[in-house]
Every structure is written in C-alpha cells, then in structure tokens.
Amino acid sequence: MRLRSRSLVVGAVISATMVSVAGVSLAWTPYPPTAIDIVHKLAAPSPTHPFGTDHLGRDVLSMIMAGASSSLSVALIAVVVGAGLGVPLGAFAAARGGWIDDLTMRGCDLAFAFPALLTAVMITALAGPGAGNAMLAIGIFNIPVFARITRSAARQVWGRDFVLAARTAGRGDIGITVVHVLPNIAPVLVVQITIQFALAIVADAGLSYVGLGTQPPFPSWGRMLNDAQTFIWRAPLLAVFPGVAITLAVLGLNLLGDGLQDVLDPRLRRGR
Amino acid sequence: MTRLFAALAGSVLAGLAAMATAQAKDTITVGMVLEPPGLDPTAGAASAIREVTYANIYEGLTRIDAKGQVQAGLAESWSISKDGLTYTFKLIRGAKFHDDTPFACNIVKFSYERAMAPDSVNAQKQLFEPIARVECPDDGTAVVTLKRPTALFLFDMGWGDAVMVSPKSAATNASDPVGTGPFKFKQWVKGDRVEMVANPDYWGSRPKLSAVTFKFVSDPSAATAAVLAGDIDAFPLFPAPEALDQFKADARFAVHVGTTEGKTIVALNNTKKPFDDIRVRRALAYAIDRKALIEGAQSGFGAPIGSHYTPGDPGYIDLTGQYPYDPAKAKALLGEAGIKPGFTMTFQLPPPTYARRGGEVIAAMLDQVGIKAKLVPIEWGQWLDQVFKRTDFDATIISHTEARDLDIYARDKYYFNYNSPEYKALYKQFVEAVDPKVQSDLVGKLQQKLAEDEPNVFLFALAKVGVANAKIRGLWYNDPVPANDMTGVSWAE
C-alpha cells in the first residue's frame, strides 16, 4: 500500500505503542503499581526508577503503564457502549424517517444540550464513583454522537439508486441497512470511533482527576495529576509524566483518525 | 516639569499610603477542610460545628483557652463546696444573646436541662450525666448540684457542647445560630462559607476583628492555591502538609506545627463479621506500619498512638509497642481466624487528607497481608449519616478530636459498636474515683484495655499544621478542644 498519509502512520505508531504498553502492564510492570515504599518517596528519575517515585514512593513508570490500561479500557467500553447503541439508533431513524426520525434527532439535540462532562459527573455522583460508572457515563454521552452521525450518513445512502433497486427486489429495512447502508458508511464510523476514543480518554482523565473515575489504589492518569498538584514545587516531574501520557494518547488517536479519514473518505482521496 | 511630576507622584504615593493605613485589615478569612452539617454545637458530633462557633458565637459558663486551661466564661467566678458536689457560679451581669434575650440563671438551667433530657440530641450527653439539678437563687447566681464528685466538671462545661443557648432560638440554632459571643452570625452560603460580624453589644472586651469568614475547602491543592493567593488568611488545620516548605520559604506566611486531641483511627464495625473476631482486629493492627503511614499521609507530622489517648493527655501511657508492624504475624492471625487471602473489606473515606491519602497507604499495607481494601471516598455529610448514624460500614478512617474522650468506648451505642462490660466497669470506677492517684491509675488501665481489645486500629495523633499570613496574631497553635477562637486574633501593622 502506498503511503497516503503521514498522520496515519504517526498516529498508528503512537496508538499501537499505547495499546502495547497497556497490554504489557497487565502482565508486567517494573514494580507493582500500587506498592508503597515511603522511604523512597518523591525520588528523582534514576536507573532504578526511570520516571522517579510519587509521594508514597510508588514507581511512576509502573503507574503510567497501569494507568494506560485503565484509561484504554474505560475508553474502549465507553466507545463500545456509545457505538453499540448509537449506530443502530441512527440507522433505524434513517431507515424509517418521518416522526421516528424527528423524535430520535430531537432526543439527540436534548442530550447535546447538556455539557457532556458535567452530565458524566452527575451520573457518577448518582451511581457512585468507579471505573464502571465512568465507562457508562462516558458511553451514554457517545450514544447521541454516534446516532446523529450514523443517521446523516445513512440518509445519503438511502437516497441512492442501488437502495431503490434493493427495495424493488423486496428487501426490507433491516436487510437494506445491513447489506447496503452500513458497509457504505463504515469509513465515517471508523473515523468517528477513533475521535470518540480520544475524547473518552480525556473524559476519563477528567473524571478521575476529580475523583469520580478509576478508584484508588489502582492508578489512573487523572488522579496522578491531581495527586501531583500539591507537590508541584517539590517534584514537578510528577505532574509532567501523566500529563504527557494523556497528551500523547489523545494526539495519537486524533492523528490516527485524521489519517484514516484521508485514506478512507473517497471524496478527500480524489483531491490528491 | 520634572519637579511637578515628582511632586504629583509624591502626593499620589502619599495618598495611597494613607489609604492603606486607613484600611488596615480588620477582617479575616479562615480556611477549614470540612463544612459543618449545622451550626448548633449542642446537637451534633461533627467537630467542624465547634471549629466555627466555639467562643465566637456561643459561650459556656467556662471556656477552654489555647493551653487547655479552664478560664471564666459567662460565669465570672465560682465556688465549690467541700464535698465537691455543689458548684455555685456567679454569672456575668449584662450579657445578652444576639436576639436581645438577657442572659441569666434561667438560661443556665434551660441549657443544662435541655442537654440532660432523655430526648436530648447533645452529642456529649455524658458530660451532663453527673448533674443532679440546677437551681437559681437569683438571676445572677446558678447553683449546680452533682450526683457525685466529678473532677473534670469545670473543664467539661467549657466544651463546645455545653454552651449557653436561648430558649427562643434553641430550635433554630442549626441554621441561624444565636449565642452570647463576640461575633454575630451573618450568613451561611452552603458549600462555601459562613460569615459572622462583630457583636456591638458584646458584654466583654470587643474583639479586634470586625468580621470573620470561615471558608470550606476540602481539596488540598485548592487549599494551597487559596492561601497562596491570599483568598484565605489562615488555614489552622492545613490539609497539604507536603506544601509546607513552600510556605516556610515565603516571608508572607507563617507555619505553625502544634498538637491536637485528634486520635486518628481505623474505626471498625465491631459487630460485623469478621471484625467481631479479635484476631482479625489485631491482625489489622499488626499489618499497619504507623511510622510509614504518618510519613506517607501526613508528610511526617503526627505521633503514633497505641490507644485512644494522645501523648499530651494527663495519664498517657505509651502503648505503641503493643502491635508493632509485623506482616507475618498479621498473616498468621488472619489464617487462624479463617480469613482467606483475597478477602475484601471496604473503607469509607471522608474528605480529610489523613483519610483519603491514609486510605491509599493502608490499602497498600493490607495488600501485603492478603487483604484487598476497597476504598470508597464519601462526602462529610454522607459519612455522618451512613457511618456515624446508621453504622453501615466495614471500616473507616477518622480522627476523634474531642479531648480525653475515653467514654465513647463505654457507651451502649456508638458507631463502632464496641461493647465490653469490663471496659464499662472500669470506666465507671474511673469517673467515680476521687483520688487523683487512683484516677490516673485507672486512666492507664482504660488505655491498656483498649489496646488489648483493639476495637479500632489506633494510628496516630493528628498534628495541628497551620499556615497563616505572617501578620496575623493571636491564633491558636494547639487544639486542646476543636475551636478556632477568633476573640484574640488581630492583624499586626
């Protein structure tokens, strides 16, 4: 395959690195990420602790690695929830049209009217803090995003001749959606998934920063940032590592999404 | 031209300087970690209530000063009968409540009888239990007769729970506090601050401050930022000890490290399995390294304790050696008690740093002995309701700030459900003992009994780590009782 997009490559490399770091952390980290060693607290980076240690003497590298797995799993589930419910909803609205379409889309408008992160905070405050509820809260906010994008992309497909042909041949709504519509809008969805994935990582970091995401003792990037705050004068690097991790993860996924769009979207491709 | 400019600049500067002196600061904003659930100190256990109201809004017959000594309050003097049973208080003349209710003996009678009543909601009812009756020979004299000699009676009547309340406002004090103190309640912005202003009709010497605001900030980094920015002038129980170096290095701030009566413990639900098993409780005590905990959670501020008593208390004995850090022994005890590795227990963590950060440290230590700790951060109101009131918990980390409160283990119903007839008997002997020698002997025995039974895991005595603007004078550096007494506070020029 010809190299079509530099951002695709860079994004893919960063994302793949993050996924593999998260994968490795499940089996191995330099130290157990929750092991406390008060005597060696706030140590500067050194060969024994490449990223130093935090205020409880935990190895920051191990925490960043474990944090990657918790961030990724929260984001993954959130996107699966959002796409799993949002895509069928949008496809259904597009297939039926009329008042069903209107109702679904106005429902999405209503959901968009609430700031996403605030509502996620509300959901976790009601249901109790924890990784599970964070996934759910972020996931719920992805539903209207996916519903809307699926619906608008699907509407275009529904107007095409081959759909009319399929209908004349006697295929039902579901059949047409599965066989003709979804494959045609797949590129749009894939791009959206990567973008939502990046947003979900930011949302997870935000929620755990305010103490509503992944719960201690299991590390999360957001909470590491929060913990590092009061130590900013004594050990500024403590805030740098999780900050860089979050930035890289989001940057990688956004580049990947951009690149995928370049490659997958036929209209953009023609322009080259 | 240049001269004109210089003259102008000079007069502007002089004007500014004049303005600055004219506006010499006479208000203060005091930071606190926890917001009180109400503002009635006679109807709630949360020490935040007294940290706002004590000596500022409400006063008692006696008061506790910064050194923990008993001073005259609304009683200007008193005499005690030879048998130690009759206290005759001579009351301050001309004192009145913020709602103009005059203070007289009928108020003393009302306040004490209300606290003693069977339906009283006073969190420290035991303080009033020795009182047989209160009589008023005249408006300016109150005679309190006790059932038995009670050595600490004058100290007890200085607690925030024993303040004078007016019959007119007793029912509404929680939201609209009315006392006799030097400051009058102005407003309470829930979730943010309580404001009070100087009381122009105060009976005693007027405070130097014209207004006091208590601001509630539970997040350590937000607290640090607020003090650095000058939004908060003093934070007497500062939640971010790790940021102290920064304040020490800055001439604008003064850092004070003192002591409190805060006995920080892992409170266990003693009736819930498996915490009803003494081996499990002892195992938890062996599994926690107190030194490391203090270092990790409090940046080294605090002193280990081995019982429910702090090193500064009269009759303290050092029991920290009872359960030295010994994970192997903890594991063995857990094995004996039939606790399998991987056993999960839940910790409810209220907002203070000692609990939130301490919880993380303790979770890591328990992990070493095969116990999985599930940490649940909860808000203060929720803690008071779920843990303290409804006793719906496995374990929690909390600091008991009341002075010499060994009695809580002798109560029939208290949130950690410790129930030991031997302890109750010992405590009865203690309160009834007249001989100071016997008393201090019994205080020792009480501590030993607690360390023996380890109903809760005793961790450390909370230090009072305070940060304040260097120009503030008259703050308390120790906390003999939970209080932020603003009566003597002022700004230096």
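Predicted model: local features only at pLDDT ≥ 70, side-chain atom pairs only at ≥ 80, totals over all residues.

Tutor: Let's start at Arg390(B), which is partly exposed with a relative accessible area of 49% (buried is under 20%, exposed over 50%, partly exposed in between, using a 1.4 Å probe and protein chains only). Its partner in a salt bridge is Asp385(B), and their closest N and O atoms are 3.1 Å apart; the term asks for a side-chain nitrogen of Lys or Arg within 4 Å of a carboxyl oxygen of Asp or Glu. Asp385(B) is partly exposed too, at 32%.

Salt bridges can also share partners, and here that links Lys186(B), Asp192(B), Arg193(B), Glu195(B) and Lys215(B) into one network. Within that group, Lys186(B) and Glu195(B) pair up, with 3.2 Å between the closest N and O atoms.

Before we go on, a word on the ground rules. Residues are numbered from 1 along each chain as written, chains are lettered from A and ligands numbered from 1 in the order written, and side-chain values use heavy atoms, without hydrogens or water.

Now look at Lys109(B) and Glu113(B), whose side chains meet in a salt bridge at 3.0 Å, N to O. They lie about one helical turn apart, because 4 residues separate them in helix H3 (residues 105-116) of chain B. Lys109(B) is partly exposed at 31%, and Glu113(B) is partly exposed at 35%. Over all chains, the structure holds 36 salt bridges.

Let's zoom out to chain B. It has 13 helices and 19 strands, counted as DSSP runs numbered from the N terminus: H or I with at least four residues for helices, E with at least two for strands. Chain B is as compact as a globular protein of its length, because its radius of gyration is 24 Å, close to the 23 Å that the globule rule gives for 493 residues (taken over C-alpha atoms, with the rule being 2.2 Å times the number of residues to the power 0.38). Its C-alpha trace spans about 90 × 70 × 40 Å along the principal axes.
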